[in-house]
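Please read the following briefing alongside the sequence and the three-dimensional view. It is arranged by topic for a reader new to protein structure.

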Amino acid sequence: MHQLKKGLLGILFGCCVLSLTACSPQKYIDKILGTEKADEEESVQEEVIQEEPEVPVAKPEFTANLSGSMTYGLHQGATPLKVEASVSDSGTLTYQWYRNMTNTNGGGTIIEGATDDTYTPPTDQPGTYYYYVVATNTVQNSTEGTTSETAEVIVNDEEGDVVNAEAGQWKQDDKGWWFENADGSFIKSQWKEIQGKWYAFDENGYIRTGWFQDGDSWYYLNEDGSMAADKDVEGYHLGSDGKME
């Protein structure tokens with residue numbers, strides 16, 4: 001009888017504990033038997049994203065820029081537009097051309113695939129178009145860009161060639177660049193103004209670059225062959241006519 005009373009008291013005590021602690025019967029049994037499992041610890045590992053630091057990037061400078069205006073007949077072959085840019089660091093220089101309907105070098109339409117320093121404008125649609133190019137210097141994950149001036153291209157609504165004073169097209173081979181006139185001839189041993197810039201051609205018809213002496217005067221021709229003017233080059237000043245002063 002005494003053992004029965006102890007059992008009943010134990011059950012009664014256990015029920016009281018369950019009701020007071022909201023403990024489940026299984027957990028209470030585990031406590032008595034010593035088989036209770038420890039609560040699992042939760043750990044949250046935060047992902048740390050390290051961004052590469054920005055590095056200084058030199059701003060590209062155009063040594064040969066766009067300018068002037070050219071007029072073509074519908075479907076007439078156009079002269080390539082050409083620029084040249086340089087950077088003072090070891091970055092990678094790339095180009096992207098744009099077309100605009102107003103004479104501004106911003107807000108234009110990107111020309112897909114036009115990523116060289118030259119671009120030949122199409123003449124299949126009449127109208128007045130303005131072209132410009134953005135030169136971008138990239139070093140690691142940092143970039144710096146410079147926008148060129150604009151060049152105007154007018155396409156008439158009539159078929160046939162329009163005679164321009166500078167009609168023709170630039171061509172290049174492994175020896176250099178030359179300019180082919182509209183009649184198929186090319187320039188040799190003389191100066192020629194093309195799209196508002198002066199170029200000096202050697203006896204083989206290729207453009208000259210660097211320092212060039214013509215008679216008693218010295219000139220400096222940029223990497224694209226255009227004559228430098230109103231600037232200092234290697235400590236020498238060049239006047240508005242390109243002559244070293």
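The points below go from the whole chain to selected residues.

This is a predicted model, in which local features need pLDDT of at least 70 and side-chain atom pairs count only at pLDDT 80 or more, while totals for chains, interfaces and linings use all residues. Residues are numbered from 1 along each chain as its sequence is written, and side-chain values use heavy atoms, with hydrogens and water left out.

**The chain as a whole**

- The chain contains two helices and 18 strands; these are DSSP runs numbered from the N terminus, with helices being H or I of at least four residues and strands being E of at least two.
- Of its 245 residues, 37% count as buried, where buried means under 20% relative accessible area, exposed means over 50%, and partly exposed lies in between (1.4 Å probe, protein chains only).
- Among contacts with a separation of 6 or more, 54% involve residues 24 or more positions apart; a contact means heavy atoms within 4.5 Å.

**Aromatic pairs**

- Rings of Phe, Tyr and Trp (its six-membered ring) pair if their centres lie within 6.5 Å; planes under 30 degrees apart count as stacked, over 60 as edge-to-face and the rest as tilted.
- By this rule there are 12 aromatic pairs.
- Y98 and Y132 count as stacked because their ring centres are 5.2 Å apart and their planes are at 10 degrees.
- This pair links distant parts of the chain, since Y98 belongs to strand β5 (residues 92–100) and Y132 to strand β8, 34 residues apart.
- Y132 is buried because its relative accessibility is 3%.
- W170 and W177 form an edge-to-face pair, with 6.5 Å from centre to centre and 80 degrees between the planes.
- Both W170 and W177 are buried, and one aromatic cluster is formed by W170, W177, F179, Y199 and F201.

**Residue D173**

- D173 lies in strand β11 (residues 168–173) and is partly exposed, with a relative accessible area of 28%.
- Not counting residues up to four places away in sequence, D173 touches W178 and Y206.
- The side chains of D173 and Y206 are joined by a polar contact of 2.7 Å; a polar contact is a pair of N or O atoms within 3.5 Å, and within protein one must be able to donate a hydrogen and the other to accept it, while residues adjacent in sequence count only if both atoms are side-chain atoms.
- A polar atom of the D173 side chain also lies 2.8 Å from the backbone nitrogen of K175.

- Residues 188–207 are 0% helix and 50% strand, with end C-alpha atoms 9 Å apart.
- Residues 208–227 are likewise 0% helix and 50% strand, and their end C-alpha atoms are 9 Å apart.
- R208 is found in the loop between β14 (197–201) and β15 (210–214), and is partly exposed because its relative accessibility is 26%.

**Positive phi values**

- Most residues other than glycine have a negative phi.
- H75, which is not a glycine, has a positive phi of about 70 degrees and is placed in the loop between β2 (69–74) and β3 (81–82).
- Q140 has a positive phi near 55 degrees and lies in the loop between β8 (127–139) and β9 (142–147).
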